[in-house]
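This report is meant for someone who is looking at the structure for the first time.

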Amino acid sequence: MGGPAGAIIAAVVGAILAVGAAFGIVSSQTATPAPVDKPFIVYGDS
Amino acid sequence: MPSAWKRHALLGWSCLLSALILAPLLAPGYVLHLDMVFVPQQTLLPWNLGIGGGLPRSVPQDALVALVSGPLPGQILQKVVLVATAVLAGTGAGRLAGGPRLQQMAAASLYLWSAYLAGRLLLGHWGLLWAYALLPWAILAARQARRTGSVWGTAFLCGAGALVPTGGLVLASAAIPIAVGPGSAARVRSRIAGVAAVLLFNAPWWFAALRSPVSEVSDPLGLEVFGARADGAGGVLGSVLAGGGVWNAQATLGSRTTWFAFFLALVVIVLAAMGWAARYQRYRPETLWLTVLGLVGLGWAWISGVAGQQGWAQALVSGPPGGGLLRDGQKWTVFWVLLVAVTAPTGLAWLSRRAEESLRTFLAVALALLPLAALPDLAWGAFGRLQPVAYPSAWQDLRATVAGRERDGDVVSLPWAAFRRYDWNGSQVVLDPLPRQLTRTVVWNDRLPVTVEGRIVEVGGDDPRARVVGEAIDSGRPLAPVLADTGIRWVVVQTDQPQPGPVADLTGIPVVWEGPGLQLREIPGPVRAVNAEDRVLVFIDVLALVCLLPVGILAWRGVRRARRERPSENTA
C-alpha cells in the first residue's frame with residue numbers, strides 16, 4: 001500500500017473516530033436515564 | 001523512541017488511560033454510587049465474615065476493608081484500589097496480548113476502556129473489577145506454571161483476587177485449568193497443592209455460605225431483574241458482544257446507545273476473529289480455554305437477557321446452591337472481553353502485514369484510540385457522574401456516639417429501604433452506608449427494589465432479622481418489642497431520606513441523640529442477646545489470610561527464577 005492509499009486510509013479512519021466520538025459525547029448528554037421519583041429509591045431500572 | 005520509554009510505554013499508557021477515567025475521583029472525599037460504599041473507618045463486624053446476616057455476597061471484601069481502613073483512611077483505600085484496578089487491567093491485558101509495544105497498548109485500551117469496566121464501575125462493583133484486573137495476570141501466571149511446574153503464582157493471584165464470590169470463581173475457572181490441566185509441567189503433588197490453596201483462599205465465602213442458616217435458594221425473580229439488557233444497538237446479543245449489557249440502565253454510558261459504538265465493537269470482534277488462529281498457534285491451551293469460557297459466558301449472558309422469564313433458566317439460578325451467582329448474567333462476559341482485547345491487535349497486525357511500516361503504526365495507534373472514540377463519556381469519572389464527596393460531620397458524631405454506648409445490642413436503619421439519596425452526594429442513588437459506618441451490626445432492609453418495565457419489584461432479601469423487622473413495619477405494630485426480641489437496641493433514623501411505605505411505629509423508643517439528617521433512638525428496657533459467632537469460620541478465614549503470605553513469597557520466587565531463565569520474555 002503506497003503513500004496516497006495510506007494517507008487516504010489514515011484520513012478516513014481518523015475522521016470516523018472523531019465524528020463517532022462526537023456522537024458519543026452528544027448521546028452521553030441525552031441518553032442519561034431520568035432520576036427516579038422519590039419517595040421510593042430504587043436500585044436501578046432493569 | 002528511547003529504550004527506557006519503550007520499556008515503560010505499556011505502563012505509561014495504562015496510567016494515562018486510568019488517569020483520564022479516574023482523575024476527578026482523586027479529589028478528597030468518597031465516591032458513593034450504587035453499590036460503591038466506602039466510609040472513613042470501617043469496623044470489623046461478624047457480617048463482614050458472613051456471620052449472622054444474609055448470604056456472604058461481599059465476603060471477604062468488607063472484612064479486608066475493615067482490616068485495612070484502620071491505619072489507612074477509607075478514602076485513600078478507595079482511590080488506591082480504583083487506580084490499581086485500572087492500571088493492572090491495562091498492563092495485564094497488554095502483557096497477555098504480547099507482541100510489539102503498540103499491539104500491547106491496543107490490548108490495554110480495549111480491556112481498560114471497555115463497556116464492561118464502565119458498567120461495573122458505575123454499578124460500584126469494585127470487588128469484581130479487582131478480579132477483572134487480575135484476570136490477565138492470573139492467566140500469565142498459569143502460562144508460566146505450565147512451563148515451570150510452579151503453580152504458586154496462579155494460586156496467589158486467584159486468592160488475592162477473590163474479594164467477592166464471583167471474582168474468586170472468575171479467576172479460578174480461568175487460571176487453574178490452564179495451570180494444572182493436561183500438558184502442564186506441574187507434578188501431581190504440586191497440582192493438588194495449587195488447587196487446595198485456591199479452595200482455601202476462596203473458603204471465606206463458600207464456607208460461610210455452607211454454614212449460613214439462611215436459605216440457599218436464590219429468588220428466581222433475580223434472573224428476570226438482573227439478567228443482561230440491551231444498552232445499545234444490536235439488542236441484548238449486540239450489547240453483550242460489545243462487553244456491555246449491564247442490567248441497570250443507571251449504570252450505562254450514553255455513548256453505548258450509538259450505532260457508532262456498535263459498529264466499532266463489530267470491527268474489533270472481526271479483528272479478533274482474524275487474529276484468533278495466530279494466537280491459538282502460539283498459546284494453544286490458554287487460547288482454547290479462554291475461548292470456551294468466553295463463549296459459554298457470552299451465551300449465558302445472552303440467555304439471562306432473553307430467557308430470564310422462562311422457568312428452565314430461572315431453575316438454573318434458583319435451584320442449585322450458589323446458583324444465585326449466575327443471576328447477573330452480564331458479569332460472565334468477562335472472559336469474552338479479555339479474549340477480544342488480547343486477540344484483536346493480533347488480527348490487525350495480520351490484516352496489515354503487507355502495508356508500509358508507517359501505515360501499520362498508524363492503524364495500531366488507531367486501534368489503541370478506538371475504545372476512547374467509542375466510549376468518550378467514560379472519561380473524567382464518566383463525565384462527572386462519579387464525584388467524591390465528604391460525609392457530613394454528623395456521620396462521624398453518630399459513629400462516636402454509638403461506639404461510646406456501653407449497653408449491648410445491634411442497630412436498625414430507618415427509613416426501611418436499602419438505598420439512599422443524599423443532597424450532599426448530588427442525590428445519587430447509593431446503598432445505605434450506615435452498616436459500614438457504625439461499630440455495631442446494623443440490620444437493614446436487604447430487599448432490592450428495581451424498576452422493571454415501569455413497575456417496581458423487590459428481589460427477596462435473605463437476612464432473617466430484616467424479614468422480621470420488615471413484617472412488623474408493614475403491619476403497623478409498635479416496633480420496640482419486635483426489635484428487643486431480635487437483639488436490636490438502637491434505631492438510627494435518617495431524617496433527610498424519603499419514607500417509602502408505612503412509617504415505623506417508634507413508640508417507646510426515645511431519641512437520645514440528634515444531628516443534621518440523623519437521629520439515634522434507644523430502647524431503654526432489656527434486649528435479647530444475639531450472639532453472632534462462628535469460631536470455625538473465623539479460623540478458616542484467618543488460615544486463608546495467613547497462608548496467602550507464604551504462597552505469595554513462593555510465587556515471587558517463581559517469578560524471579562523465571563526472569564533469570566527467560567529474561568527476554570519478561571521484558572517484552
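A crossing of two helices is called left-handed if the near helix is turned anticlockwise from the far one by less than a right angle, and right-handed if the turn is clockwise. The model described here is a predicted one.

**Helix packing in chain B**

The crossing of α7(B) and α8(B) is left-handed. Helix α7(B) covers residues 126-148 and helix α8(B) covers residues 152-160; their axes come within 8 Å and cross at roughly 160°. Angles over 145 degrees count as roughly antiparallel, and α7(B) and α8(B) are therefore roughly antiparallel to each other. On the α7(B) side the contact is made by B:Leu134, B:Trp137, B:Ala138, B:Ala141, B:Ala142, B:Gln144 and B:Ala145. On the α8(B) side it is made by B:Gly153, B:Thr154, B:Leu157, B:Cys158 and B:Ala160. By class, the residues of this contact are nine nonpolar, three polar and no charged.

A second pair of helices in chain B is α13(B), residues 259-282, and α16(B), residues 334-351. These two pack at an angle of about 80°, with their axes 6 Å apart, which makes α13(B) roughly perpendicular to α16(B). From α13(B) the residues that meet α16(B) include B:Val268, B:Ile269, B:Leu271, B:Met274, B:Trp276 and B:Arg279. Among their counterparts in α16(B) are B:Leu339, B:Val340, B:Thr343, B:Leu348, B:Trp350 and B:Leu351. The contact of α13(B) with α16(B) has 14 nonpolar, four polar and one charged residues.

**Domains of chain B**

The domain assignment divides out two stretches of chain B: domain 1 (216-351) and domain 2 (393-522). Their C-alpha centres lie 37 Å apart. Five residues of domain 1 of chain B are in contact with six residues of domain 2 of chain B. The domain 1 side of that contact has two nonpolar, two polar and one charged residues.

**The five-stranded sheet**

Chain B has an open sheet of five strands in the order β6-β3-β9-β11-β10, with mixed pairing. Strands β6 (442-443) and β10 (511-515) of chain B stand at the edges; each has a single partner strand, so one side of each is left without a neighbour in the sheet.

| Strand pair | Sense | Bridges | Residues opposite each other |
|---|---|---|---|
| β9(B) and β11(B) | antiparallel | five | B:Val493 and B:Gln519 |
| β10(B) and β11(B) | antiparallel | four | B:Val511 and B:Arg521 |

Strands β10(B) and β11(B) form a hairpin with two residues between them. In the turn, B:Gly517 has a positive phi of about 80°. Helix α19 (residues 393-404) of chain B lies across β3, β9, β10 and β11 of chain B, and runs at about 15° to β11(B).

In a regular strand the side chains alternate between the two faces of the sheet.

The bridge partner of A:Asp45 in β7(B) is B:Thr451.

**The contact between the chains**

How many residues does the contact take from chain A and from chain B? Chain A gives 29 residues and chain B gives 44 residues. On the side of chain A that touches chain B, α1 (3-30) and β1 each supply at least two residues. The largest share of that side, 14 residues, comes from α1(A). By class, the residues of the side of chain A that touches chain B are 17 nonpolar, ten polar and two charged.

Key. Residues are numbered from 1 along each chain as its sequence is written. Chains are lettered from A and ligands numbered from 1 in the order in which they are written. This is a predicted model: local features need pLDDT of at least 70, side-chain atom pairs count only at pLDDT 80 or more; totals for chains, interfaces and linings use all residues. Two strands pair if DSSP finds at least two bridges between them. Two residues are in contact if their C-beta atoms, placed from the backbone, lie within 7 Å. Ala, Val, Leu, Ile, Met, Phe, Trp, Tyr, Cys and Pro count as nonpolar, Asp, Glu, Lys and Arg as charged, and the others, Gly among them, as polar. Domain bounds come from an automatic or database domain assignment. Axes are lines fitted to C-alpha atoms, for helices over the stretch in contact, and angles run from 0 to 180 degrees between N-to-C directions. Angles under 35 degrees count as roughly parallel, over 145 as roughly antiparallel, 65 to 115 as roughly perpendicular and the rest as oblique.
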